[in-house]
Amino acid sequence: MNIRKLAWRNIVFNPLNTILSILLMTFGVGVISLLLLLNNQIDKQLQDNLRGIDMVIGAKGSPLQLILSSIYHIDNPTGNISYKEAEKLTKNSMVDLTIPLSYGDSYNGFRIVGTTQEYIDLYDADLSKGVLWDKSMQVVIGSAVADITNLSIGDMFCGTHGFGDDGHVHDHHHYEVVGILKQSNTTIDKLIITDTKSVWDVHNSHDHHTCEDHDHHDHHHADENHNEDIYNSDKFMVTSMLVRFKSPVAFIQMPRKVNETTNLQAAMPVLEINRLTNLLGFGVQTINVIALVIILVSGLSIFISLYNSLRKRRYELALIRVHGATKSQLIKLVLYEGLTLSLIGTVFGLIISRSILFVTSFFNNQIFSNIEINLITEELWLFLISLLIGLIASLIPSILAYKINIPKILSNE
Amino acid sequence: MIKTESISYTYDGNLNFNFPDIHLSEGGSLLVLGNSGVGKTTFLQILAGLLKSESGKVQLGNTNYNDLSDNEMDYFRGANIGVIFQKSYFVRTLNIFENLKLSLVLSNKKYEENNIINLLEDIGLGDKLYSMPYDLSQGEQQRAAIASAVIKNPELILADEPTSSLDDDNCQKTISLLKKQADKNKSKLIIITHDNRIKNQFNNSITL
């Protein structure tokens, strides 16, 4: 029966006050922690998917839109560009890698992206089943696509124009699934990837086969219609081109060259992402302030409950002193009580934010596939701040306990 | 032994008490009588080291209170002095057993569960070990309060009006209990009271 146990008994003895204080602390810490974790997750996703892409070339329009659509596949394309023109611009010793992207169609909400196999290498994606495409109209699907659409090797499907469900169905062309990728926790999990030519074929041929016509022999003529050098054709269009630089000098020269000498647009992912996180940051800050106020209210609640119980416990504290407790032991007693309340609240808050993320990711496995169980750096601060608030809240009551006038309290006269 | 030499205390600069010297050897007991307002409780609190005398000295065993710092006085009181009040005070979040345990722990004496159980059985509270203190009757509360003061075998037992709110029956029980416990531990017992019922039970008394 030491001071710490006594503090614990006092906490348990007043369940309503205790629950209120803990609940407020849990709520405040939970909200802030949830925002921090989400922010952390989004940041990580944004950075993870960059894959060293230094520049994206696309049609004129919003640079942010170009980045969002070409790298993260969460916005509409800005338009089409001539492959030849883009390729010409990037035939440069400063350029390390270029990958063309053609998109605009989807299947069950998953985007169909025409590209080269370098795109798969870019994401270090491995096949879990099947093989990569070797001709037009063959596709490799991401793990999330496979999970949700139940497509498997050998299945045929038709793309829909646009990204909604109500677009025009390209029912003259069907894609064949030849490979399924392993989960990589990147944007590629949610993509249907095929050769650039497939997308070109779908939009430029005039065949009249219906999607319901599942005759395997029929779809082969699509690539027979086009010879191998469509890449050199003036008419060959793509949606954008991902570019990786070899030299840092290119960061200064290339975007200017593209933007000033052509009617194409060059967007820098790093700049656009910074712009985006700054925009998001404002909303996050506002909610953080509100949550911080809740934590402060929790501190106030701890203060009030300690203060009230101290008034009721005057005799008890005096008795403990008579039994031989020192003044500093009384301070310890009150501080223990306040700190225990805020500690429990804080730990609950950190657990609850993780539980919420876990539950949401369970229902939507595409967004948060790997939840951070450990404390992230900002949460360490959150932890310290809420404990500090608990400490400050118990400071005044503990000083009152220190100053308690035993002779007066225990006097009969 | 406990002895005091010309101790005094002043409240707010005008209410001035000068207390007679006392000297009590091992196993002795003393009744301090006096009407309200003569400073009986002040006297007890000085003996308990809760108030500091403005002059003279208080010595318990070989220790002069004047030589102790505040913290040292707290430890010294915890280890050597048991105090009983007119009203019984307990830590209300702890049961009777735990209250006694707390008293023992704060006195830095060795904790033995059996000692607590034996003492409580001895004073007729064997079946109230795990009762919450304020669920007991007034007489039982007073006995439990005495138990938590004597469980640490103090050198000095101080009792401030221990019987004044008790009926005759409980009054007798309490006094004989105090005497018995003091005898058992060879403690010095000082009772401060204006209760005439117990005057005749002590042969050593002073009046303030």
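**Where the chains meet**

Mentor: In this predicted model, 22 residues of chain A are in contact with 29 residues of chain B, contact meaning that the C-beta atoms of two residues, placed from the backbone, lie within 7 Å. The model is predicted, so local features need pLDDT of at least 70 and side-chain atom pairs count only at pLDDT 80 or more, while totals for chains, interfaces and linings use all residues. Residues are numbered from 1 along each chain as its sequence is written, and chains are lettered from A and ligands numbered from 1 in the order in which they are written.

On the side of chain A that touches chain B, α1 (3–13), α11 (314–322) and α14 (406–410) each supply at least two residues. Helices (H or I, at least four residues) and strands (E, at least two) are DSSP runs, numbered from the N terminus. The largest share of that side, six residues, comes from α11(A). By type, the side of chain A that touches chain B has 11 nonpolar, seven polar and four charged residues. Here Ala, Val, Leu, Ile, Met, Phe, Trp, Tyr, Cys and Pro count as nonpolar, Asp, Glu, Lys and Arg as charged, and the others, Gly among them, as polar.

Now to chain B. Five of its strands form an open sheet with parallel pairing, in the order β8-β9-β10-β5-β11; two strands pair if DSSP finds at least two bridges between them. β8 (81–84) and β11 (205–207) of chain B stand at the edges with a single partner strand each, so one side of each has no neighbour in the sheet. β8(B) is joined to β9 (residues 156–160) of chain B by four bridges, and B:I84 stands opposite B:A159 in β9(B).

Helix α6 (residues 168–185) of chain B lies across β5 (29–33), β9 and β10 (188–193) of chain B, at about 165° to β9(B). Axes are lines fitted to C-alpha atoms, for helices over the stretch in contact, and angles run from 0 to 180 degrees between N-to-C directions.

The largest nonpolar core has 92 residues, of which B:I157 and B:L158 touch the most other members. Such a core is a set of buried Ala, Val, Leu, Ile, Met, Phe, Trp, Tyr and Cys residues joined through C-beta atoms within 7 Å, where buried means that 20 or more other C-beta atoms lie within 10 Å of a residue's own (exposed: 12 or fewer; partly exposed: in between). Helix α2 (residues 15–48) of chain A gives the most to this core, nine residues. Among the residues that B:L158 touches are B:I81, B:V83 and B:I190.

Notes: Lists of a residue's contacts leave out its neighbours within four places in sequence.
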